[in-house]
Amino acid sequence: MSSETNQILTTDGIPLEVSLKKAERKNKIKAFLLVAPLLFFLIITYVFPIGDMLFRSVDDKMVTQMLPKTFKAMENWDGQELPEEEVFAAFHEDFIKLVEDKREGKLSTQLNYTKNGFKSIIKKLRRKSKSFEEGNYKEQIMSVHKRWADVEYWRAIKRRAPEFTSQKYLKGIDMYKNQEGKIVSVSEDRRIHRVLWLRTLEIAFFVTVFCFLMAYPIAHLLATLPMKYSNLLMICVLLPFWTSLLVRTASWMILLQQQGIVNDFFVGIGLVADDNRPEMMYNKTGSYVAMTQILLPFMVLPLYSVMKTISPSLMRAGKSLGGTPFVAFWKVYFPLTIPGIGAGCLLVFILAIGYYITPALVGGASGTLISNQIAFHMKSTLDWSFASAMGLMLLSGVLVIYWLYNKIVGIDNIKLG
Amino acid sequence: MASKKDFVKFDKVDKSYDGKVLVVKDLQLDIAEGEFITMLGPSGSGKTTCLMMLAGFETPTNGEIYLDGKAISSIPPHKRGIGMVFQNYALFPHMTVYENLAFPLRVRKIPKDEADKKIDKALSMVSLQGFAARMPGQLSGGQQQRVAVARSLVFDPQLVLMDEPLGALDKNLRESMQYEIKHIHESIGVTVVYVTHDQSEALTMSNRIAVFNDGKVQQLSSPDELYEKPVNSFVAEFIGENNTFGGEVSDISGGKCKVKLANAEILANPISVKGKGERTTVSLRPERALINPSTKMDNLHKGKIEEVIYHGDHTRVRINLLGNPEFILKVPNSSSNLDIKLGNEINIGWNSDDARALDPK
């Protein structure tokens, strides 16, 4: 059959496809123009800054650009013994230039991330370098401080030569590249991040479980009660939702502290002795209690919206066909609520894994999460590249969970409202 | 099989939801084994409540329901062994047709090969062989309804309840499903209690019909008796079309009574009037009145044609007769020689036996 007979023409003789595209083009342009402002807004305020922050986590150009000659001279150094005079001379040259630009402070900060102890010896080097004589820089630099004569510190400098680095990511899981370039764990007593990651997962997991256990009956009540009661209950669920997060966390502090209302009540009913009040705040318990309460609506609402669509006659049908109330619930009702459970759990887990204010206020030392560590590096140490590295790791974790969920339950099975 | 006369028995059942209004009042109803009985009535008349009490989803406020001689008020729904078809089908949307039908068999721990046989039989009964693997969402409304019927029968219950099962279907499908359900009932002899507000559905399917209104059974009888011999004016109004005259009994003798209207007197059949001076509503089916009757009829009056509506197989004529401007006549289209024109005066006649003097409205 020739292609001509295959092609369907309009009454005017134009191929149908061409005609259809032409007719739809105008609508497509209109639709694009409608979303264009939001698209640009998102690119400028969301995609661009986040991309920039993520790039920072691997970007290591700063040191590379500050010590260009040193790194060139180091190319031939095997890193076994102290480098040759040539490297010291190049380092001196780079350093003098940095001092002129008043940038040696930044260098000391950067090198200090790689190895502690650079700050003071660079300060000292700056002072002494003013009286350096020409030639034999190796001797002169080594005499400034004994660390300058330590090959470890020169290896640390060399590790900063590449423009891109994975060291922030390794640091995020308490690992580093040693002198031989192998990836190893830091010593036992300095592993802080792994504990935090595990604790974050643990708290997020249990908060999700607690939220689910509490939200399921509430959502079921909401969906089945007569309108006038369910409206009231809905307001009770939503009221905390409309209250500031800080206010809610602060009220948990009032409730949970050792001289707080809950403890007073326990003492009042004789559950605990007055001089032995349990600590319910500034530890994991505080994080669990406050986060579960705060995230509860995120579980209730998707569950409610799904349960609302389940006809009560399905449970009746299950019972009339001979299923006990439990069988009718487990075989008929429960499977139908899975889309809501999935949505609620995913929502709560993802929110919990990145939770920040509440654990910071009521979590204490043992109840803080990885996001508190990220905030700490953003605000206190100003190691933004490390903060963004951890942020990206958190994001990838969430994406992995999302992917797993999609594999197991199917993302089209999710129902948010 | 010797059928029991009171297989299901409602004994002085009252039901109230709020403690103020009785939705079912003193219900006394016996259903024989193998019978197809329909509870018919307007919405809010208590018919669905009765069905729910029988199924076990509502408990009677007073009185007792007996199933096969046993009081069932304290038996939970899942132990009653009653099949039920719901208004919106209530198929389990996450299970295939096969799994839907297997549900009642699995909870009864029936072995798989036996269960498969029963499911095959039930599906062929509703002519849905080959649909076992489909999800309910992939079926049309009529097919879903048939699956629901099959599911309610697959575990061989002695009693099946149907709660307006055809309400969501379109007219043609509804009619063919009526026959299908009727045939299934006839072939397997199960007792069916059917709830509907559609009188034609009730008339075509049932052995007996219980007309509900205001929480009470107004009349319980076979379809033809219900139509031909309504015992009160509610039933007469609710079932089929009806012409009424309101008046006062002026004489009653020899199985006939005279009813005095505003400006005339008619002869009627005294059903619920006892003596002179009682108020009454006389009910007359439109097809029982004739234009220019050839045979002698003991009621013959003149009326003026107000409206003529063509209905294909018949013509409806609205006549102002004896002070009732809404008197309807059905004229078959074969009798074309009649002079039916707007504004004409015509003679209308009917037998006093067909004019039933019932309680006043």
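Colleague: How many helices and how many strands does chain B have?
Modeller: Bear in mind that this is a predicted model. Chain B runs to 361 residues, of which 39% count as buried, and its C-alpha trace spans about 75 × 45 × 40 Å along the principal axes. As for the elements in chain B, the tally is 8 helices and 20 strands.

Colleague: Within chain B, what share of the contacts with a separation of 6 or more comes from residues 24 or more positions apart?
Modeller: A contact here takes two C-beta atoms within 7 Å. Among the chain B contacts with a separation of 6 or more, residues 24 or more positions apart account for 65%.

Colleague: Okay, on to the open sheet of 6 strands in chain B. Which strands sit at its edges?
Modeller: The pairing in this open sheet is mixed, and the strand order reads 6-7-8-3-9-10. From one strand to the next, the twist averages 20°. The ones that pair on one side only are strand 6 (82-85) and strand 10 (216-221) of chain B.

Colleague: Do strands 7 and 8 of chain B run parallel or antiparallel, and which residue is the bridge partner of B:M162?
Modeller: Strand 7 covers residues 159-163 and strand 8 covers residues 191-196 of chain B, and 5 bridges join them in the parallel sense. Look in strand 8 of chain B for the bridge partner of B:M162, and you'll find B:Y194.

Colleague: And helix 4 of chain B, what angle does its direction make with that of strand 6 of chain B?
Modeller: Helix 4 (residues 141-153) of chain B packs on the sheet, where it touches strand 6 and strand 7 of chain B. Its direction and that of strand 6 of chain B make an angle of about 175°.

Colleague: Over at strand 9 and strand 10 of chain B, which residue in the turn has a positive phi?
Modeller: Strand 9 (residues 208-213) of chain B pairs with strand 10 of chain B in the antiparallel sense over 5 bridges, and B:A210 stands opposite B:L220 in strand 10. Together the two strands form a hairpin with 2 residues between them. The turn residue with a positive phi, about 60°, is B:D214.

Colleague: Is B:F238 buried or exposed?
Modeller: B:F238 lies in helix 8 (residues 233-238) of chain B. Beyond its neighbours within four places in sequence, B:F238 is in contact with B:V211 and B:Q199; B:Q199 is 39 residues away in sequence, yet 8.0 Å away in space, C-alpha to C-alpha. Being buried takes 20 or more other C-beta atoms within 10 Å. B:F238 has 22 of them, so the call is buried.

Colleague: Which element of chain B gives the most to the side that touches chain A?
Modeller: In all, 19 residues of chain B are in contact with 15 residues of chain A, and the chain B side divides into 13 nonpolar, 4 polar and 2 charged. Two elements of chain B give two or more residues to that side: strand 6 and helix 2 (97-107). With 3 residues, the top contributor is helix 2 of chain B.

Colleague: Last one: how many Å separate the centres of domain 1 and domain 2 of chain B?
Modeller: Chain B is divided into domain 1 (8-233) and domain 2 (241-358). Where they touch, 4 residues of domain 1 are in contact with 6 residues of domain 2, and the domain 1 side has 2 nonpolar, 2 polar and no charged residues. Taken over C-alpha atoms, the separation of the centres is 39 Å.

Note on methods: Residues are numbered from 1 along each chain as its sequence is written. Chains are lettered from A and ligands numbered from 1 in the order in which they are written. This is a predicted model: local features need pLDDT of at least 70, side-chain atom pairs count only at pLDDT 80 or more; totals for chains, interfaces and linings use all residues. Two strands pair if DSSP finds at least two bridges between them. Helices (H or I, at least four residues) and strands (E, at least two) are DSSP runs, numbered from the N terminus. Axes are lines fitted to C-alpha atoms, for helices over the stretch in contact, and angles run from 0 to 180 degrees between N-to-C directions. Ala, Val, Leu, Ile, Met, Phe, Trp, Tyr, Cys and Pro count as nonpolar, Asp, Glu, Lys and Arg as charged, and the others, Gly among them, as polar. A residue is buried if 20 or more other C-beta atoms lie within 10 Å of its own, exposed if 12 or fewer, and partly exposed in between; C-beta atoms are placed from the backbone. Domain bounds come from an automatic or database domain assignment.
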